[in-house]
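Subject: Structure handover and notes

Hello,

Here is the structure, with the sequence, for your files. My notes on what was found in it follow below.

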Amino acid sequence: MGSIVEPWAIAENGNTTAKGSSRELRHGRTAHNMSSSSLRKKSDLRLIQKIPCKTLKNVLSNLQEVILGTKLTVLFLAIPLAILANSYHYGRPLIFGLSLIGLTPLAERVSFLTEQLAFYTGPTVGGLLNATCGNATELIIAILALANNKVAVVKYSLLGSILSNLLLVLGTSLFCGGIANIRREQRFDRKQADVNFFLLLMGLLCHLLPLLLKYAATGEVSTSQISKMSLNLSRTSSIVMLIAYIAYLIFQLWTHRQLFEAQEDDIDDAYDDEVTVEETPVIGFWSGFAWLVGMTLVIALLSEYVVATIEEASDSWGLSVGFISIILLPIVGNAAEHAGAIIFAFKNKLDISLGVALGSATQISLFVVPLSVIVAWIMGIKMDLNFNLLETSSLALAIIITAFTLQDGTSHYMKGLVLLLCYVIIAACFFVDQIPQKQLIGTIVGLQPKNNPGSGFFSA
């Protein structure tokens, strides 16, 4: 598709037209938009245009753009295979693996669809939509895990998403970018990174205080009182974190929008480097909305499979639930977005790579985590922000190391290598950690550990 909208896409929308100029939308893209666009491919609709039936033409063009318009199309095969494996009661670890693979292209397509809708809603509303749906996979998995009283899985998976963005994605981007541009000094704008680190440190404070309450309490305070104080503090902190996230959105989308937009030179180079970023919508508004709802439902279905089979996969593969939740889930679930960040680092566009890694970490920390606590509160589940000593320490050190790495606004491959090695060390720690879920979690969420110490979950 070039720079024109096909007539059936316009007719489908009725009076709904794209808002804003092509240039405004093009240069209003955030790093997330640019990163996801690197995995898209241009669609050839010459055969479809010859079909006389307008309805059939519209359906086929939508299928071409949504299903075949990504370099990850082959991974869509995992979705029906996962459904069939579940229907015919194949091995639960197989269902888990297929579901994880199927989530990868869905996350990228959700980003594509939100960007398409932004052409009709305008860049500001589109930015809000992208901010809400950007981590739909993590949020849906968290809610479904909460519905099954698997609070530890929620905490581990969200912690893993933050760690993978700060150390794995950013580390790989800096390392690959440094190797590819070894004779050039790589520079980036520190202002965006500073804002993200301020927010990440505030989120870390909200995790540290409930943890420190346990150690600050004297022997006169009962365990139940400590748990109650920790829970109340966590719920209050979650409300504050959501307020901070709303302020962050206002800062990002309105008052200081220029700090978070992809630089003009980066966008222009992206066009020249065969990264397909459409200047006009390629599908209609209502088609995009319907596809977005459908994709979200499929993500919910696969996420339900993941939550239901994670214990069996842990037993079958010989890996702890903590390792699968912290390491495997974030890597596979966000593989498309992460790959885009690395691609742009190769092309010496570190501002986009940093925007993806730090933006995702901030969104998880200040939106998905506190929202999970509030949702658990509504559901009557006692989830707090105490992620335990080992997990919270890993998070704190990851934030501090990454902040020091980016403090001078320059990069080379050694910085990326250090971040990668830090991630390997943390991954190794959770790999060898075969200790059953801490008694602290069972106390806080009001659940008792199962008799099987290898299960890692708690039943009412």
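Helices (H or I, at least four residues) and strands (E, at least two) are DSSP runs, numbered from the N terminus. This is a predicted model, in which local features need pLDDT of at least 70, side-chain atom pairs count only at pLDDT 80 or more, and totals for chains, interfaces and linings use all residues. Residues are numbered from 1 along each chain as its sequence is written, and side-chain values use heavy atoms, with hydrogens and water left out.

Overall picture

The protein has 20 helices and four strands. Of its 460 residues, 58% count as buried; here buried means under 20% relative accessible area, exposed over 50%, and partly exposed in between (1.4 Å probe, protein chains only). A contact means heavy atoms within 4.5 Å. Among contacts in the protein with a separation of 6 or more, 83% are between residues 24 or more positions apart.

Salt bridges

A salt bridge is counted when a side-chain nitrogen of Lys or Arg is within 4 Å of a carboxyl oxygen of Asp or Glu. Side chains of opposite charge can pair when their charged atoms come close. The structure holds six salt bridges, and three of them are described here.

D194 and R190 form a salt bridge at 3.8 Å, N to O. Both residues lie in helix α11 (residues 190-216), four residues apart, which is about one turn of the helix. D194 is partly exposed, at 27% relative accessibility, and R190 is also partly exposed, at 36%.

D189 pairs with K191, with the closest N and O atoms 3.1 Å apart. D189 has a relative accessible area of 25% and so counts as partly exposed; K191, at 46%, is partly exposed too.

E312 forms a salt bridge with R92, where the closest N and O atoms are 3.8 Å apart. This pair links distant parts of the chain, with E312 in helix α14 (residues 285-317) and R92 in helix α7 (residues 92-121), 220 residues apart. E312 is partly exposed at 32% relative accessibility, and R92 is partly exposed at 32%.

The nonpolar core

A nonpolar core is a set of buried Ala, Val, Leu, Ile, Met, Phe, Trp, Tyr and Cys residues joined through side-chain atoms within 4.5 Å. The largest one has 104 residues, of which F96, L146, L166, L167, L170 and L406 touch the most other members. Helix α17 (residues 350-378) gives the most to this core, with 15 residues. Leaving aside neighbours within four places in sequence, F96 is in contact with V306, T309, I310, A313, W317, I324 and L329.

Helix α19

The buried residues of α19 are K415, G416, L419, L420, C422, Y423, I426, A427 and F430. Seen down the helix axis, the buried residues of α19 fall within an arc of 155°, so they line one face of the helix; the arc is that of the directions from the helix axis to the C-beta atoms. The cover over these buried residues includes α10 (151-180), α15 (321-333), α18 (389-405) and β2 (410-411). On the face turned away from the buried side, α19 carries the exposed residues V424, I425 and V432.

Single residues

T392 lies in helix α18 and is buried, with a relative accessible area of 2%. Not counting residues up to four places away in sequence, T392 touches L204, H207, L208, L211 and F387.

L249 is in helix α12 and is buried at 12% relative accessible area. The C-alpha atoms of L249 and Q363 are separated by 9.9 Å, although the two residues are 114 residues apart along the chain.

S224 is also found in helix α12 (residues 223-255), but S224 is exposed, with a relative accessible area of 52%. The side chains of S224 and S222 are joined by a polar contact of 3.1 Å. A polar contact is a pair of N or O atoms within 3.5 Å; within protein, one must be able to donate a hydrogen and the other to accept it, and residues adjacent in sequence count only if both atoms are side-chain atoms.

Regards
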